[in-house]
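Biologist: Hi! Could you walk me through this model while I have it open? I'd like to start with how the parts of a chain meet.

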Amino acid sequence: MAEKVLMKGNEAMAESAIRAGCRFFFGYPITPQTELAAYMSKQMPKCGGTYLQAESEIAAINMVYGASAAGARVMTSSSSPGISLKGEGISYMAGCDLPGVIVNVQRGGPGLGGIQPSQSDYWQATRATGHGDFQIMVYAPSTVQEMADYAYLAFDKADEYRIPVMILADGMLGQMMEPVLMPEPKDELPEKPWATTGHKNERKHNIVDSLYLTPDALERLNRERFERYEVIKANEQRAELFMCDDAEIVLVAFGASARIARSAVVAAREQGIKAGLIRPITLWPFPTDAFESVMDTARDFLVVEMNMGQMVEDVRLVSEGRVPVEFFGRTGGIIPTPAEVLKRIEAAHERVGE
Amino acid sequence: MSAEEKVVFERPHALLPVITNYCPGCPHGIVHRLVAETIDELGIEGETVGVAPVGCAVTSVDFFGCDMIEAAHGRAPAVATAVKRVHPNNVVFAYQGDGDLASIGMAETVHAATRGENITVIFINNAIYGMTGGQMAPTSLPHQITQTSPYGRDTTTAGFPIRVSELLSSLDGVAYLERVTVDSPKNVRKAKKAIKKAFQNQIDGVGYSLIEVVSTCPTNWGLSPQDSFNWMRENMLPYYPLGVYKDVVADGFANAAEAAAARSADCPVAHPEKAGA
């Protein structure tokens with residue numbers, strides 16, 4: 001019988017990745033994801049895996065690209081400034097339809113920013129991780145348990161859709177400890193007949209490539225890839241609805257800020273305010289279905305983020321003017337307090353009226 | 001074919017029967033052939049994975065018969081590192097140009113070399129960016145005229161060319177470095193020998209091997225293929241002398257690690273096995 005263990009979020013993601021069959025980790029030191037790489041450097045040699053500290057974030061993501069091309073389950077982790085450097089490699093992975101898992105334990109930006117928790121890479125993760133027409137799947141865990149669960153699931157989804165998958169965490173989730181139940185180690189991994197493993201004189205040579213000098217060919221491939229994205233949008237949306245059944249003031253928050261928003265919702269309910277919370281777990285695909293399910297009761301969306309307002313734009317796109325969308329955020333590494341969020345809920349409640 | 005006739009020359013199996021997109025007179029064709037002949041002779045096509053980064057030879061993913069991976073500009077050593085780590089029994093080679101290897105990918109080059117990755121690198125140094133139309137490269141010579149050094153490379157502002165083989169020869173992870181060219185049958189044979197040795201080293205676990213091929217770019221140099229070779233002999237070979245820059249086996253070591261251990265013999269922390277001796 002498996003037992004819960006007390007783990008840091010960063011370590012839980014690492015252990016869970018190993019259990020998902022990841023035997024290759026390439027990274028570069030950066031705060032606040034340090035524990036993840038340290039855990040990998042300790043555990044990989046014990047399970048026949050490879051931990052390699054790359055010379056740069058750029059080299060690390062290109063090692064992920066190479067290991068993925070060679071058919072392996074592979075992971076890298078970093079924090080915001082490092083993810084910017086990985087953008088090139090992630091774009092190439094998308095262009096070559098290579099699976100792989102990228103962890104971003106976000107910190108405040110722009111530039112060197114700070115080392116305190118932030119959610120200011122939402123746009124980067126969901127809009128423009130790198131150049132070109134592509135998306136990656138993005139999971140936003142909110143607990144250490146979810147960090148383990150989605151790190152585990154990310155490998156399956158990456159292989160299923162041949163897509164890079166990001167775990168968008170932050171310094172608060174990465175550093176905090178909670179009890180976690182680890183998933184079972186996988187012993188069977190999917191076949192990858194497309195991988196460059198050496199053709200053994202048994203098949204035509206495999207090519208991993210994103211270069212298409214003929215515009216027609218490139219357009220056709222991009223269109224095919226976006227058809228796959230439509231399948232992902234239809235099948236892979238995930239969100240948690242908390243106290244949403246009759247909710248008028250619907251908060252929207254992911255990751256660390258969702259923990260605070262949840263407390264604020266509970267406090268608002270105690271005052272008799274019909275508040276609820278939509279917590280997107282997949283940021284891409286954005287869980288539009290969850291929003292549709294509250295449109296009948298919702299009179300106000302209050303988006304709470306640890307940034308200057310990024311996911312709020314996706315909420316406006318879903319709402320399409322049907323429900324007003326407001327924003328409350330703290331930035332620079334500051335975590336909003338439940339009390340400040342509650343004040344916003346109260347104000348919204350007053351505005352909306354009885 | 002009559003009984004007396006026998007095949008003495010044919011396309012290597014590892015070079016696919018396709019039309020390449022290289023310019024007339026470009027030595028890529030010669031070097032591709034030498035790599036493919038090597039793969040055939042060592043019987044490793046089924047185990048070989050090639051990595052072709054951005055540059056003219058990025059399209060070689062379609063020309064070599066082994067499994068091939070395109071890499072981002074400069075990143076082939078990182079990609080090749082990972083492929084080799086995943087499949088240590090595969091033969092992994094990177095085929096890179098000078099802008100790719102010595103400019104945008106210099107960090108990846110130096111670190112793959114210093115890690116002693118057991119891979120083979122074929123480095124084409126023709127002192128110019130070919131694919132983008134003839135810009136100044138890290139190996140462009142002083143006063144060499146290119147599209148982006150129209151008054152000649154001014155070393156006071158653009159700095160000096162990088163001698164890659166000399167630079168890498170100081171690194172402990174490196175097993176074998178040789179600079180060759182392919183301007184004559186004699187030199188082609190020498191280049192072939194070096195390339196084959198660089199692949200054999202990998203199979204034998206000797207370590208990181210890089211062959212620098214001093215080459216030409218008739219199109220962007222604005223010279224005929226033969227005049228290009230003349231210019232290369234006259235100007236490039238004095239700056240980039242041919243020869244072996246490192247060979248740990250010739251130095252009496254089994255591999256790069258052994259040579260590195262001998263070099264650091266007086267450093268106690270590097271030699272825990274000597275503790276208490």
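Biologist: How many residues of domain 1 of chain A are in contact with domain 2 of chain A?

Modeller: In this predicted model, 27 residues of domain 1 of chain A are in contact with 22 residues of domain 2 of chain A. Contact here says that the C-beta atoms of two residues, placed from the backbone, lie within 7 Å. Domain 1 covers 5–235 and domain 2 covers 240–352, with bounds from an automatic or database domain assignment.

Biologist: Which element gives the most to the domain 1 side?

Modeller: That is α5(A), with four residues. Among the others giving two or more are β7 (164–170) and α8 (215–235) of chain A. Helices (H or I, at least four residues) and strands (E, at least two) are DSSP runs, numbered from the N terminus.

Biologist: And how does that side divide by class?

Modeller: It has 15 nonpolar, nine polar and three charged residues. Ala, Val, Leu, Ile, Met, Phe, Trp, Tyr, Cys and Pro count as nonpolar, Asp, Glu, Lys and Arg as charged, and the others, Gly among them, as polar.

Biologist: What does B:Ile122 touch?

Modeller: Its contacts include B:Val31, B:Phe93, B:Tyr95 and B:Ile211, not counting residues up to four places away in sequence.

Biologist: Switching topic: how many residues do chains A and B bring to their contact?

Modeller: Chain A brings 33 residues and chain B brings 29. On the chain A side, α3(A) gives the most, seven residues.

Biologist: Which strand of chain B pairs with β9(A)?

Modeller: β2 (residues 67–71) of chain B does, in the parallel sense over two bridges; strands pair if DSSP finds at least two bridges between them. A:Ile207 has B:Met68 as its bridge partner there.

Biologist: How are residues and chains labelled, and which pLDDT limits apply?

Modeller: Residues are numbered from 1 along each chain as its sequence is written, while chains are lettered from A and ligands numbered from 1 in the order in which they are written. As this is a predicted model, local features need pLDDT of at least 70, side-chain atom pairs count only at pLDDT 80 or more, and totals for chains, interfaces and linings use all residues.
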